[in-house]
Amino acid sequence: MKVMKFKNIFLLLVLAASKPLFSANPADKVNPLMGTESTYAFSYGNTYPAIALPWGMNFWSPQTGANRDGWMYSYAQKTICGFRQTHQPSPWINDYGTFSIMPEVDALVYADKKRGAAYTHANETAKPYYYSVKFDNGITTEIAPTERAASLRVSFPDNEAQYIVIDAYNGGGSLTIDPSGRKITGFVKNNSGGVPSNFANYIVIEFDQPIADYGLYYGEKQYSKAQSASDDHLYAYLKFDTKGKALTIRTASSFISNAQAQLNLQREIGTTSFDGVKNQAQQTWNTLLNKLEISGATTEQESTFYSCLYRTLLFPRKFYELDAQGKTVHYSPYDGKIHDGYMYTDNGFWDTFRAVHPLFTLVYPHISAEITSALINAYREGGWLPEWASPGHRECMVGNNSVSLLTDAWMKGIRSFDPKEALQAMTHTANNQGPISTVGRNGFKEYNELGYVPYPEYHEASARTLEYAYDDWCIYQLAKATGDKPTADIYAKRALNYRNVFDKEAGFMNGRNARGEWRRPFDATEWGGPFTEGSAWHYNWSAMHDPEGLSQLMGGHEKMAFLLDSMFQAPNTFKVGTYGFVIHEMAEMAALNMGQYGHGNEPIHHAVYLFDYLNKPWRAQYHLRNVMDKLYNSGSKGYCGDEDNGQMSAWYVFSALGFYPVCPGTNEYALGSPLFKKATITLENGKRFVIDASNNSQENVYIQNATLNGKNFTKNYLTFDQIRDGGTFKLQMSDTPNTKRGTLESDIPSSLTKHQK
């Protein structure tokens, strides 16, 4: 316990970074309901209100959908059927280890589809650290989170019968009611894949008032007053007589054991009151959100910015716990054993390597240190680096983008892992096929022999090629930085393989078979086939590590810039291609009315910033402000596609600050157009970097001139060192583009085919 107390004090000191701990209250500017008005057919974010601490092991959410419905909370629904401990990173990946708590009055109802209680949003309050709803039946339920536990407070009306129903979900589990101890213990095994056979989430639920009656059910079958039962889908009910007092429920869980769950509850809540838990959670959020302070924003812009930052800080989740001695331990979703050290999960790196993790390496490097250590632990325990983990390997997306996290962390000075072991893990992943197609490299033999993954021999082959080429560049970067020249030489060559799927006749990335023949007929608006959730328009820009080489393929800077602009001017039509039907990403792109620009999916997120590499930074400034102004808001329809573990949000956070990590693994950030008059980044080293954009407004989107710490600044990028060392980046904004600034070769960010600065 002494170790843990010291650790917490140290962390608070680091996060405070020599400034007042809570200079503002940004947590109250967050709307956790942003993006929740989504459906299977059309996504405005596909989010749910996660009531949680940053990177917490458990989240809590009101549940409006049926059990196992990936859309657990929909803003349009009018009833709530439970308050759910959730680990769901995406509706497409679904949940695991979940259970729910539902208060009821009068009639006792078990089934999730029948027990819903009506409510209105006028009687709902959602904050990152607190959720409250008053049902039409008079019950008020409140939730306040910790990392592995939560406190709930239920205020019943003076009805005849007051119940709490525990739903352990189908998938196997066990519950034990201890009436005299006022608690329930047990475990749930429900999951959506990616778990060993011994997986379980162990739970403890304690009540601060006497239990008047209780029971266990399996479906409609009651276990005749049994206090303990095991079955596929258990429900428990507890009856109370609160006599007008609020019922406080304290609950925690563990992926290790019931004893560890009890320890988590004692350590994180103990005897702390509901309001005490709530206040501590609020302070935690304010500390982390205050690392980025903005001024000169509208109320709506503030809410959108901090709501996006909140989303960015949710995933990946901590899958580790602290034992009785305060030592970090975890249950491994890869080998089913208990190990020392960190573990993180619930992340698709195809999405989040682009901006989420680069935001961590810049602003929250202590988290990047834990995440990268956890990646190496995953390799040790399962033999592979994860790509989409929830909690273990899942069959989803393409690429080996875990290597990006390791390389970017190393280049930013994070030393939480052995680079030799990391390179061993990287090269093993790059030259082998794992147990499922998304682990290791699907098509690695052909990729190494031909220089590309052939299509139609392999599904989504050109998307794989483009991802692999960037990933090979990451391996090259780490090998070069750590003195492994033989490895660096191999992967520097492979990093150029993106060129092998550029069809010069078509002028776009395309698919080609093992004989070298291009896919014909070619249509740049056709989705699927050699691409993943997109078309050639979206994958044309995927050589983020070599924009200069890409421009040479396209005929030079002018032609590539023309094609980038054309993407916004082309008709917003599409062909469903090999999907055979309209997937939600297609519908969302068409709805944006921005031509073929599909911001609702990740491969295109860096594309606008490529104007910085083409001596035309003012074109990036114009398009970026358009995207920020038109495609984001803080409401229930706040996103223009899947939010995807913080990536859609992190793009906005970076872009609103005025720069973006086009190529994670470099130390450069391409410049955009800052949204606010002033933004301050407080770094963990105690220094501050200020972006001061005078004369900024909705019309004044163009940078006229810039200085860094008082010196004239013409480059189209900032470096990590410039930001880390602190200072002031002063911009003069205007409604007229400055077509002479940022046009020299020395102003352009680095590319693989140019000398690395």
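**Entry: the second largest pocket**

How do the residues of the lining of the second largest pocket divide into nonpolar, polar and charged? I counted by class and got twelve nonpolar, six polar and nine charged. A reminder to myself before going on: this is a predicted model.

I then looked up the volume of that pocket, which comes to about 490 Å³. Its lining holds 27 residues, and Trp92, Glu533, Ile583, His584 and Glu585 are the closest to the centre. For secondary structure, I noted that α5 (349-352) and α16 (584-592) are the elements giving two or more residues to this lining.

Trp92 turned up again when I checked the surface. With Tyr40 and Phe581, Trp92 makes a nonpolar surface patch of about 360 Å². I placed Phe581 in the loop between α15 (557-569) and α16. Is Phe581 buried, partly exposed or exposed? Its relative accessibility is 46%, so I put it down as partly exposed.

**Entry: cavities**

How many cavities of 30 Å³ or more does the structure hold? I found eleven.

The largest cavity has about 140 Å³ of space. I listed 17 lining residues for it, with Asn46, Thr47, Pro89, Glu643 and Asn645 nearest the centre. The lining splits into six nonpolar, seven polar and four charged residues.

The second largest cavity is at about 100 Å³. Here I get 13 lining residues, and those nearest the centre are Tyr344, Thr345, Phe349, Leu375 and Pro386.

I looked for cis peptide bonds and noted two spots. The bond from Tyr455 to Pro456 is cis, with omega near 15°. Pro456 sits in the loop between α10 (444-450) and α11 (461-481). The bond from Arg520 to Pro521 is also cis, and I read its omega as near -5°. Pro521 belongs to the loop between β26 (508-509) and α13 (536-539).

Asn593 has a phi of about 60°, and Asn615 has one near 65°. I put Asn593 in the loop between α16 and α17 (617-631), and Asn615 goes in the loop between α16 and α17 as well.

Which way does each one go, buried or exposed? Asn593 has a relative accessible area of 61%, so I call it exposed. Asn615 has 17% relative accessibility and therefore counts as buried.

**Entry: salt bridges**

Side chains of opposite charge can pair when their charged atoms come close. I get 27 salt bridges in the structure, and I followed up a few.

Arg153 and Glu142 meet at 2.8 Å, N to O. The pair links distant parts of the chain, with Arg153 in strand β9 (residues 149-155) and Glu142 in strand β8 (residues 140-145), eleven residues apart. Glu142 has 9% relative accessibility, so it goes in my buried column.

Asp340 bridges to Lys327, with 3.6 Å between the closest N and O atoms. Asp340 is in strand β21 (residues 338-340), while Lys327 lies in the loop between β19 (321-322) and β20 (328-331), 13 residues apart. Lys327 has a relative accessible area of 42%, so I marked it partly exposed.

How many residues apart are Asp565 and Arg619, the pair that joins helix α15 and helix α17? I make it 54. Their side chains meet in a salt bridge at 2.9 Å, N to O. Why does one partner count as buried and the other as partly exposed? The cut-off for buried is under 20% relative accessible area. Asp565 is at 15%, so it counts as buried. Arg619 is at 21%, so it counts as partly exposed.

One more for the page: Glu147, Arg148, Glu268 and Lys318 are linked in a network of salt bridges.

Terms used
Residues numbered from 1 in each chain as written. Predicted model: local features only at pLDDT ≥ 70, side-chain atom pairs only at ≥ 80, totals over all residues. Heavy atoms only, no water. 1 Å grid on protein atoms, 1.4 Å probe; cavity = no way out; pocket = protein on both sides within 12 Å on 5 of 7 lines; lining within 4 Å. Points joined across faces, edges and corners; volume = space filled by probe spheres on them. Helix = DSSP H or I, 4+ residues; strand = E, 2+ residues; numbered from the N terminus. Nonpolar A, V, L, I, M, F, W, Y, C, P; charged D, E, K, R; others polar. Buried < 20%, exposed > 50% of the residue type's maximum accessible area, 1.4 Å probe, protein only. Patch = residues over 30% accessible without salt bridge, like charges linked within 9 Å, V, L, I, M, F, W, Y side chains within 5 Å. Areas by Shrake-Rupley, 256 points an atom, 1.4 Å probe, with all protein chains shown as cover. Salt bridge = Lys/Arg side-chain N within 4 Å of Asp/Glu carboxyl O.
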